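Please read it with the structure open beside you.

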Amino acid sequence: IPLKSDDAIRSAVKSLVEEVHVIDVHTHLFPPNHGKLMLWGIDELLTYHYLVAEYFITAPATITPEKFFALEKQAQADLVWDSLFIQRSPISEACRGVVTTLSELGLGELVERRDLNEVRKWFAKQTPEGYVDKVFELAKIKYVLTTNIPFEKKETVHWYPKAKEFDTNRFHTGLRVDQLLTGNWESIKEALDEMAIEHTIEGVKQLLEKWITIMKPKYFMTAVPPTLEFPSDEEMSTYAPSTINSATLLRRVLLPLAEQHHLPIAFKFDSVRPINPALREGGDGVVTTKVSTLQKLCLNYPKVKFLATFLARVNQHELCVLANKFGNLHIYGCWWYCNNPSIVEEITRIRVELLGTAFTSQHSDARVLDQLIYKWKHSKAVIGGVLQDMYVKLFHAGWSLTREEIQRDVERLFGGAYEEFMQK
Ligand code: FIX
Ligand code: ZN
């Protein structure tokens, strides 16, 4: 039965978006059996690098980043809590996220009393396994994609020589290979040595093929350094086949592997790292790079599928135009400094207007499990609002709408379009 009024449409869209179970196409989460790599709980939430960077804007000169990072996690969290939640109101997006998370967990009363110690006691009673169930249920997550770096020893020990078993229905892996595009030969060499593979271009290919077999990733993922331009054929022909640099690792290793193994490459453009190294993970910045680098990849590698997200706000429009031209390109999420309601709203409007439902509206980028709760709640509120407007406009144009039709579209925007693209 068609929905008969603006109000009926708005309330249907609102509840369908709230209720949809999402596929989170990019996170930095780990399953419980990865030990300390799995981050969760109040102290991790408070020391998220977004909050640490915000803390340092106004931190006293006596607390340098060096001193801060030398403290125990709980002491770091105390400083952030006191500065950003007690001395001022937590109105930034990252701060509000902590508040939303605690409220959704049912700790509203403790938040009301600003009782950090009671909050800690509540978390101390949770188990990692039980907490994963709780968070996935609250945040309404079908499954998440994880970030798995074959060049990080602290990660690879969980996979090699013996792989740990974990819940692969809820944690899908992504093979993260930034070291190739940054030409970080030191860490590539270490990984080669670990598996006794020779230090050649062929060797790097072999290494990644081993990791594909071990990790069974759904895609390759890498950030694209701002200095990397798509190397021309002419440029490539000047390199001896054995030359190892980011251009050859891109064109002689990553792209051929993607094609041979039918693994899409998920790119992240426009980050620059670091602009203030003392802040560690929080020290990276944003820069506007050329969207045409991606256009060249899509054009020259029609058999490779690309997922892409851009960090610079000004690139979002150009990116949509690109996605409108290439069936081998799929846009995902509003990344990091774009994951703020004002920008999510703007980006989502442009995307729907140019692409309809052929994109993935958001990813969480959660590093701390609990963040799934607020990142999805906040994003859904904004994206749902935009969709309400879009469907009401369509209704006024003369198109009748049913709840089922809207549900089909919403499912696409929160994971279905990603799966369709992956299966293409
Ligand atoms: O490159 C990435 O995957 C980024 O998302 C992270 O490195 C970044 O630190 C982050 O957490 C942003 O949300
Ligand atoms: Zn990330």
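1. Start with a helix pair. Helix 3 passes helix 5 in a left-handed crossing. A crossing is left-handed if the near helix is turned anticlockwise from the far one by less than a right angle, and right-handed if clockwise. The two axes, of helix 3 (residues 49-58) and helix 5 (residues 73-86), come within 10 Å and cross at roughly 65°. Axes are lines fitted to C-alpha atoms, for helices over the stretch in contact, and angles run from 0 to 180 degrees between N-to-C directions. Helix 3 brings L51, E54, Y55 and T58 to the contact, and helix 5 brings L79, V80, S83 and L84. Contact means heavy atoms within 4.5 Å. By class, this contact has 5 nonpolar, 2 polar and 1 charged residues. Here Ala, Val, Leu, Ile, Met, Phe, Trp, Tyr, Cys and Pro count as nonpolar, Asp, Glu, Lys and Arg as charged, and the others, Gly among them, as polar.

2. A word on the basis. This is a predicted model, in which local features need pLDDT of at least 70 and side-chain atom pairs count only at pLDDT 80 or more, while totals for chains, interfaces and linings use all residues. Residues are numbered from 1 along each chain as its sequence is written, chains are lettered from A and ligands numbered from 1 in the order in which they are written, and side-chain values use heavy atoms, leaving out hydrogens and water. Helices (H or I, at least four residues) and strands (E, at least two) are DSSP runs, numbered from the N terminus.

3. Which residues coordinate the zinc ion (ligand 2)? They are H26 (NE2), H28 (NE2) and D365 (OD), at 2.0 to 2.1 Å. Donors are N, O and S atoms within 2.8 Å of the metal (3.2 Å for Na, K and Ca); water is not among the atoms, so sites may look incomplete. The donor spacing in sequence is H-x1-H-x336-D. H28 sits in the loop between strand 1 (22-24) and helix 2 (42-46), and D365 in the loop between helix 18 (341-355) and helix 19 (371-396), so the pair ties together parts that are 337 residues apart in sequence. H28 is buried, at 16% relative accessible area. D365 is buried too, at 7%. Buried means under 20% relative accessible area, exposed over 50%, partly exposed in between (1.4 Å probe, protein chains only).

4. Look next at the helices on either side of the D365 loop. Helix 18 and helix 19 have axes that come within 9 Å and cross at roughly 35°. Their crossing is right-handed. Among the residues that meet are V344 and V352 in helix 18, and V382 and L387 in helix 19. The contact divides into 8 nonpolar, 1 polar and 5 charged residues.

5. Three strands form an open sheet in the order 1-2-3, with parallel pairing. Two strands pair if DSSP finds at least two bridges between them. Strand 1 and strand 3 (171-172) are the edges. Strand 2 (residues 141-145) joins strand 3 over 2 bridges, and L145 has H172 as its bridge partner. Helix 20 (residues 403-423) packs on this sheet, touching strand 1 and strand 2.

6. Finish at strand 5 (residues 220-223). Are its faces covered or open? Both are covered: F220 and T222 on one side and M221 and A223 on the other are all buried. Strand 4 (residues 175-176) pairs with strand 5 in the parallel sense over 2 bridges. On the other pairing, 4 bridges join strand 5 to strand 6 (residues 265-269), again parallel. M221 is the bridge partner of R176 and stands opposite A266 in strand 6.
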